[in-house]
Amino acid sequence: MEVDLIFKIAGIGIIVAVLNLVLKRAEREEQAMMTTLIGLVVVLMMVIDSIGNLFDSVKTVFGLW
């Protein structure tokens, strides 16, 4: 696993947490929830891409390709 991926996920988490806090203080609960969901979707897409690369590597190593 790349260290860059961990830092990207942590950065997205920090940004989403700050935005969530600011939006909740401004009494924008719906936008805060949408920001959280969008951050989750972005992180899941990044992780799914890495898992896809892992499966491709496993297929190549075991000659299943």
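Analyst: Contact here means that heavy atoms lie within 4.5 Å. In this predicted model, the buried residues of helix 1 pack against helix 2 in that sense, and the buried residues of helix 2 pack against helix 1 in turn.

The dimensions of the two elements come before the details of their packing. Helix 1 comprises 23 residues and extends 33 Å from its first C-alpha to its last, close to the 33 Å expected at 1.5 Å a residue.

On the side of helix 1, the residues that are buried are Leu5, Val16 and Asn20. Phenylalanine 7 also belongs to helix 1, yet its relative accessible area is 59%, and it is therefore classed as exposed, the cut-off being over 50%. Between the C-alpha atoms of phenylalanine 7 and glutamate 30, which are 23 residues apart along the chain, the separation is 28 Å.

On the side of helix 2, Ala32, Thr35, Gly39, Val43 and Met46 are buried. An α-helix has 3.6 residues a turn, so residues three or four places apart point the same way.

Threonine 35 illustrates the packing in more detail. This residue of helix 2 has a relative accessibility of 18% and therefore counts as buried, since the cut-off is under 20%. Setting aside its neighbours within four places in sequence, threonine 35 is in contact with Val16, Leu19 and Leu23.

The connection between the two helices remains to be described. Glutamate 27 is located in the loop between helix 1 (3-25) and helix 2 (29-61). With a relative accessible area of 68%, glutamate 27 is exposed. Its phi is near 60 degrees, a positive value in a residue other than glycine. Most residues other than glycine have a negative phi. A positive phi also occurs just after helix 2, where glycine 63 adopts a value of about 70 degrees.

In summary, the buried residues of each helix pack against the other helix, and the loop between helix 1 and helix 2 contains glutamate 27.

Terms used: Residues numbered from 1 in each chain as written. Predicted model: local features only at pLDDT ≥ 70, side-chain atom pairs only at ≥ 80, totals over all residues. Heavy atoms only, no water. Helix = DSSP H or I, 4+ residues; strand = E, 2+ residues; numbered from the N terminus. Buried < 20%, exposed > 50% of the residue type's maximum accessible area, 1.4 Å probe, protein only. Expected span 1.5 Å × (residues − 1).
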